[in-house]
Amino acid sequence: MPLPKEQIYTEDDYWNLPEDIRAELIDGKIYYMSAPNRIHQELIGGMYALIYNHIHSKKGSCRVYSAPFAVKLRKDRENTVEPDISVICDHSKLTGKGCTGAPDWIVEIISPSNPGHDYVRKLNLYDDAGVREYWIIDPTEESVMVYTRKQEHFAYSVYTFQDKIPVSVFDDFTIDFAELIADIPVEE
């Protein structure tokens, strides 16, 4: 007896999910996401505020979005992800549904339940799509992996939560992680 075929999902399936369901479509599979914890949300909020304030203080044209925000990485492939933070500088990529094309900068905060999703699956997707800069923030390890585009592929650097981290997408922007996390209340 032949094995049953695995369900292959499409963009239509993704867009027809109920609004209260958080999921991503990667290579024909739907990956459901659980609600983020408080530290995750604090980091997203702090990073978003720093990025937004930097762009606006420089009167920049880039836009920053926090999840849930749909990003279809390539027009020719059915991969739609919801990065924790997306920075898009090319306004032609913005659509009524989100973004079509690689954002300039993506930030993901690791979920303890599924770290491989960001460290492997999404890293490869973002590299293949041509994302210029990708940060993986790991609250448990208190580390930040920064991947920057060097010619055709990513090169990476590792930082801690005590470092000042330069943002390569912007010439004059550094994020002081010690200052960022200083405002986050410790878990009880």
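The model is predicted, so to speak with its own limits: local features need pLDDT of at least 70, side-chain atom pairs count only at pLDDT 80 or more, and totals for chains, interfaces and linings use all residues. Residues are numbered from 1 along each chain as its sequence is written, and side-chain values use heavy atoms, leaving out hydrogens and water.

Let's begin with the hairpin. Helices (H or I, at least four residues) and strands (E, at least two) are DSSP runs numbered from the N terminus, and two strands pair if DSSP finds at least two bridges between them. Strands E1 and E2 run antiparallel and are joined by four bridges, with Leu 25 opposite Ile 30 of E2. Two residues lie between the strands, and Asp 27 has a positive phi near 50°. E1 is covered on both faces: Ala 23 and Leu 25 on one side, Glu 24 and Ile 26 on the other, are all buried (under 20% relative accessible area, 1.4 Å probe, protein chains only).

Now to the open sheet, whose six strands follow the order E3-E6-E9-E10-E11-E12 with mixed pairing. E3 and E12 are at the edges with a single partner strand each, so one side of each has no neighbour in the sheet. On average, neighbouring strands are turned by 15° against each other, direction ignored. Six bridges join the antiparallel E10 and E11, where Ile 136 stands opposite Met 145.

Angles run from 0 to 180 degrees between N-to-C directions, with axes fitted to C-alpha atoms, for helices over the stretch in contact; contact means heavy atoms within 4.5 Å.

| Helix | Strands | Angle |
|---|---|---|
| H2 (residues 38–57) | lies across E3, E6, E9 and E10 | about 170° to E3 |
| H3 (residues 115–129) | touches E9, E10, E11 and E12 | about 170° with E10 |

Note on methods: Buried < 20%, exposed > 50% of the residue type's maximum accessible area, 1.4 Å probe, protein only.
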